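Hi there,

Here is the structure I promised to pass on, and my notes follow below it. Have a look at the model first, then read on.

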Amino acid sequence: MRGKKPGGPRRNAFHAKPPLEPDGWKIDVTIYVGDATNLPKLVNRTRGQHWAVTRKEKLEWYWRVAGAIPADRRPAEPLPYARVILTRISANEPDRAGLYGSFKSVLDSLMPAKITRSGKRPGIALITDDSSQHCQFIARWRKGKQKKAAVQIQVWEIPAPTTDEPAQSLGSDLAPAA
């Protein structure tokens, strides 16, 4: 036991597992896609592309997410309020807007299926909605190898915020000080 610190291995705060409520529901899966070209496309690449190409990519990510999270590991009803952390594991770090925008199709696949004017949007009904009233969404990037790109999906149920708490904004840390 010489050289080991008590309490197990030390973890960086960035890689630390978030706390879990004792009776909360949690899922943590990693979808390995091989080459970085198979990761969700960044906003800079998807802007202006044909709608059919966008639809094909959304369906592809729906099937990847549905295959990674079997039906027996999903809750019976969509979670009323959840924290969703999506981590892009790749060799090159995208900018902040590109990182958040690239996860749109992955986040959409976690919501319930819905009939829209343009057709049916598939979903696995893990979360109720991706709005701030139902979901706390966090996008992260982690350094990985070029040929071992992946997307890590972490979803767990958390208590809904009270009305006394201010709404969290993605850009609040970028606002100039008054």
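Trp 61, Tyr 62, Val 65 and Ala 66 are the buried residues of helix H2 in this predicted model (buried means under 20% relative accessible area, exposed over 50%, and partly exposed in between, with a 1.4 Å probe and protein chains only). Looking down the axis of H2, you will find these buried residues within an arc of 135°, so they line one face of the helix; the arc is taken from the directions that run from the helix axis to the C-beta atoms. On the face turned away from that buried side, H2 carries the exposed residues Lys 56, Trp 63 and Gly 67. The buried residues pack against strand E1 (26–34), helix H4 (104–110) and strand E6 (149–157), where contact means heavy atoms within 4.5 Å.

H2 itself covers residues 51–68, which is 18 residues. From first C-alpha to last it reaches 26 Å, close to the 26 Å expected at 1.5 Å a residue (the expected span is 1.5 Å times one less than the number of residues). Helices (H or I, at least four residues) and strands (E, at least two) are DSSP runs, numbered from the N terminus.

A few conventions before the rest. Residues are numbered from 1 along each chain as its sequence is written, and side-chain values use heavy atoms, with hydrogens and water left out. As the model is predicted, local features need pLDDT of at least 70 and side-chain atom pairs count only at pLDDT 80 or more, while totals for chains, interfaces and linings use all residues.

Now to the sheet. It is an open one of 4 strands in the order E1-E6-E2-E5, with mixed pairing (two strands pair if DSSP finds at least two bridges between them). Its edge strands are E1 and E5 (135–143), each of which pairs on one side only. From one strand to the next, the twist averages 15°. E1 and E6 pair in the antiparallel sense over 8 bridges, and Lys 26 has Trp 156 in E6 as its bridge partner. H2 packs on this sheet, touching E1 and E6, and its direction makes about 125° with that of E1. For these angles, axes are lines fitted to C-alpha atoms, for helices over the stretch in contact, and values run from 0 to 180 degrees between N-to-C directions.

Two residues are worth a click. Ala 68, in helix H2, is partly exposed, with a relative accessible area of 24%. Not counting residues up to four places away in sequence, Ala 68 touches Val 29, Ile 31 and Arg 73. Ile 85 lies in strand E2 (residues 82–90) and counts as buried at 2% relative accessibility. Leaving aside neighbours within four places in sequence, Ile 85 is in contact with residues including Ile 138, Arg 140 and Trp 156.

For the chain as a whole, there are 4 helices and 6 strands, and 33% of the 178 residues count as buried.

Finally, confidence. The chain averages a pLDDT of 77, and 75% of the residues score at least 70 (pLDDT is the predictor's confidence in each residue, from 0 to 100). Over residues 4–22 the pLDDT is below 50, and beyond near neighbours in sequence this stretch has 16 contacts in the model. Residues 169–178 also have a pLDDT below 50, with 4 such contacts. Where pLDDT is low, the predicted coordinates should not be read in detail.

Best wishes
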